[in-house]
Amino acid sequence: MNILTYTAEHEDFRRRLHEFCAAEITPFADRWEADHAVPREAWRRMGRAGFLCPGVDPAYGGLGGDFRYALIVNEEMARTGQTGLTASLHSDVVVPYIESFGSKAQKRKYLPGCVNGDIVTAVAMTEPDAGSDLAAMTTTAVEDGDTVVINGAKTFISNGLVCDLVVLAARDPAVEDRYRAISLYLVEAGTPGFNKGQRLDKMGWHSQDTAELFFTDCRIPLANRLGERGAGFLMLMAKLQQERLTCAVGGMVAAERILQWTTEYCRRTVVDGRPLVKNQAVQFALVEMATEVKIGRTFVEKLVADHIEGGQIVVETSMAKYWTTDLANRVANRCLELMGPAGNLERAPIVRGLRDARIMAIFAGTNEIMKQIAAKFMGL
Amino acid sequence: MIQLTRAQKQVQKAARDFAKGEFDRETAREAEKIGQFPEEVFQRAAALGFVGIQLPEAYSGGGMGLLEAVLLAETLCALDGSLGQAVCEAGHGAECIARFGSQDQKERFLPPILEGRTAVAVAFVEAGRGISSAPAATAAPDDKGWLLNGTKHFVSNAERAGIFLTLAATPAGADETGAASMFIVDADAAGIRVTDEGRRLGGNLTGGAEVTFDEVRLTPDRLLGKPGRGLAQLEAYYMERRILLAGQALGLAQGALERAVAYVRQRVQFSRKIGAFAVTRHKIADLAARVEAARLTVYQAAAAFDAGQADARTAAIAKLTAAEAAIAAADEAIQLHGGYGYMREYDVERYYREAKALSLTAGAPGDLRDVVGASVIGKLK
């Protein structure tokens, strides 16, 4: 009995996406990594082909699909060898804020573009002094009549440079309670007073444009507030379950891909006349990693099933996020060891995989925060 | 019980003063990004006698021991993981000439290397061969010496090299099979092709290349050490090399730990310094314990070498322990820095990459475990 079953529609989506990635993304991965950027056109192509925001309601151009589509996209994109075109971030992390909390007008205005690739999104929560302690954010949003004035700076924002629309978390300086002060706003790129900083230079995710965003007396219409005033933190918490599950899927597929490549490498690499894979120590290492990867896959698929059923799985998704991302890092490290000095060359794809895996234990809430959250919800 | 002598403490101080004056973090980051060897810094290190500190003074070495070389490596690599390694690695190979060379070879080749005028590149490893296995490269004897043919991989310093050291199969004597010999090869000899292997995870300052020897002429004076004794010499080389690399790894571990401590002491989240959290304390504790254990193992191995009592097992354990400590420390340092740990600007990600690269050099963990395991278990009938 499979934990997840896929319909013919799912399989057809996967097949077409697989072909799309092989034609439109994978051949360009190395160039995008070297350029530290993904061409805007690539997002548009992916949207036009129907692979962005498969969960969005058909009324706005989406497929109305369930989270199994998110899993499929994550798996197929993991094969492309690049991290700049972060379809999962856009489709499964940011756009759901608009889907869940947007007014009809906001949804009509923005969702079709999010689906067809005309609008690439980013979410801006983190600040230099508000990382794990998100409620410590100092970016302010002052509601003044029918406009909102925003001042402050955000950092480590994925899609920071390419984004057309930002879901921004900011606080009302007049409200003392740190949590009740926060609201969410939709800010369009190009709004006067909204400036994008330089691309941040990172260890990995080279094709992903992580940047700082600056707001200096940036005025947006009050109609662009997302949801209720002061409900920002609650909305963030409500959406973080899916964000964490998305990251857990990402960790799992990263581990699977690195292990698969390394297993093939060990099969075809001959040292002193013997394939590496015939060395008992190498075999046991591959088996041990394969075991953990299978356990991870089983756990994550169960959580995807629970999530689709609407389950409250805050503890489990926090566990899965930290566990699979730690696994991805463990697998990357151990696989590199099996390669010997060849594992130090960037031309081996798993070297990029190692660099890319490292951030997974940090973003979307550090793995320490995941344990903190699990502790809290376990009543410890 | 190892107590550092005053002279040894002076080596540490000289290294610290040098690095504080010469190692600029932003320069290190930029050089590492583009893979540019820090020639000026290296020249100044050579002028101070840091290159070949454990090799005889008669040939422009420092006249000290391997323990001093380890202390130097540890201090430099703690202060900058990339620059420290580059300075330590730039003279790597000189020890082969010092240990195996004839008087004439030592007089001729060592001073230019140790004074920083000639770069040496060690071309022993071949893809498809274990690192201690007989080479596929051959040196066929003729009336003028030998003709060298073969391809070597993962050769650091290849682009800068004035000479290569290499290992090639030579015809066995009646009593030896799989005989190999070491040779000194001029980098500008006809028939040598150097191909950059491209960007690396770590070790980008010294780089790596594939070096092909195609009918390269070697005259008799280019045999390094004894004919047919190449593999035994290789093992002696690895013994010293692994302890030196362990010293570098120790520095990477210490440097990463220090950066982690500095950060958790000043970063405030949830209204307190993150160093105050119990889990942070435990993480740092684990790192400190590992670094301490690695330090004792490495210093002990170096001291044993200087007393003529080191063996392959000691050196392999030292490298295994120190490399693991370096990876663990750098990995945790990244984690403790949060998002900043992933930014190049904060340097800890560079320590992690350098630690990983070092762990794969001159014996990946699997190779080292084979050496130690076989040694401890002993020959089986």
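1. With which residues is B:Arg217 in contact, leaving aside its neighbours within four places in sequence? In this predicted model, the partners of B:Arg217 are B:Lys144, B:Gly145, B:Leu147 and B:Ala189. B:Arg217 itself belongs to strand 7 of chain B, which covers residues 209–218. It counts as partly exposed because 16 C-beta neighbours lie inside 10 Å. B:Ser132 is 85 residues from B:Arg217 in sequence, and their C-alpha atoms are 25 Å apart in space.

2. The next point concerns the nonpolar core. The largest such core has 257 residues. Within this core, the residues with the most contacts are B:Ala249, B:Ala253, B:Ala326 and B:Ala330. Helix 8 of chain B (residues 230–266) contributes the largest share of the core, namely 18 residues. In soluble globular proteins, nonpolar side chains tend to be buried together.

3. How do helix 8 and helix 9 (residues 278–306) of chain B cross? Their axes come within 9 Å, and the crossing angle is roughly 155 degrees. Angles over 145 degrees count as roughly antiparallel, so helix 8 of chain B is roughly antiparallel to helix 9 of chain B. The crossing of these two helices is left-handed.

4. On the side of helix 8 of chain B, the residues making this contact include B:Glu240, B:Ile243, B:Ala246, B:Gly247, B:Leu250 and B:Ala253. On the side of helix 9 of chain B, they include B:Thr280, B:Ile284, B:Leu287, B:Ala288, B:Val291 and B:Arg295. By class, the contact between the two helices comprises 17 nonpolar, three polar and two charged residues. B:Ala253, one of the contact residues of helix 8 of chain B, is also among the residues with the most contacts inside the largest nonpolar core.

5. The contact between the chains takes 34 residues from chain B and 31 residues from chain A. Helix 10 (312–336), helix 11 (348–359) and helix 12 (365–377) of chain B each supply at least two residues of the side of chain B that touches chain A. Helix 11 of chain B gives the most to that side, with three residues. The residues of the side of chain B that touches chain A divide into 13 nonpolar, 13 polar and eight charged.

6. B:Gly339 is placed in the loop between helix 10 and helix 11 of chain B. Is B:Gly339 buried or exposed? With 20 other C-beta atoms within 10 Å, B:Gly339 is buried. Leaving aside its neighbours within four places in sequence, B:Gly339 is in contact with A:Thr126, A:Gly131, A:Phe156 and A:Ile362.

7. B:Phe154 has a phi near 55 degrees, a positive value in a residue other than glycine. B:Phe154 is located in strand 3 of chain B (residues 145–155) and is buried, as 27 other C-beta atoms lie within 10 Å.

8. For A:Asp272, phi is likewise near 55 degrees, again a positive value in a residue other than glycine. A:Asp272 sits in the loop between strand 9 (270–271) and strand 10 (274–275) of chain A. A:Asp272 is exposed, with 10 other C-beta atoms within 10 Å, whereas B:Phe154 is buried.

Key. Residues are numbered from 1 along each chain as its sequence is written. Chains are lettered from A and ligands numbered from 1 in the order in which they are written. This is a predicted model: local features need pLDDT of at least 70, side-chain atom pairs count only at pLDDT 80 or more; totals for chains, interfaces and linings use all residues. A nonpolar core is a set of buried Ala, Val, Leu, Ile, Met, Phe, Trp, Tyr and Cys residues joined through C-beta atoms within 7 Å. A residue is buried if 20 or more other C-beta atoms lie within 10 Å of its own, exposed if 12 or fewer, and partly exposed in between; C-beta atoms are placed from the backbone. Helices (H or I, at least four residues) and strands (E, at least two) are DSSP runs, numbered from the N terminus. Axes are lines fitted to C-alpha atoms, for helices over the stretch in contact, and angles run from 0 to 180 degrees between N-to-C directions. Angles under 35 degrees count as roughly parallel, over 145 as roughly antiparallel, 65 to 115 as roughly perpendicular and the rest as oblique. A crossing is left-handed if the near helix is turned anticlockwise from the far one by less than a right angle, and right-handed if clockwise. Two residues are in contact if their C-beta atoms, placed from the backbone, lie within 7 Å. Ala, Val, Leu, Ile, Met, Phe, Trp, Tyr, Cys and Pro count as nonpolar, Asp, Glu, Lys and Arg as charged, and the others, Gly among them, as polar.
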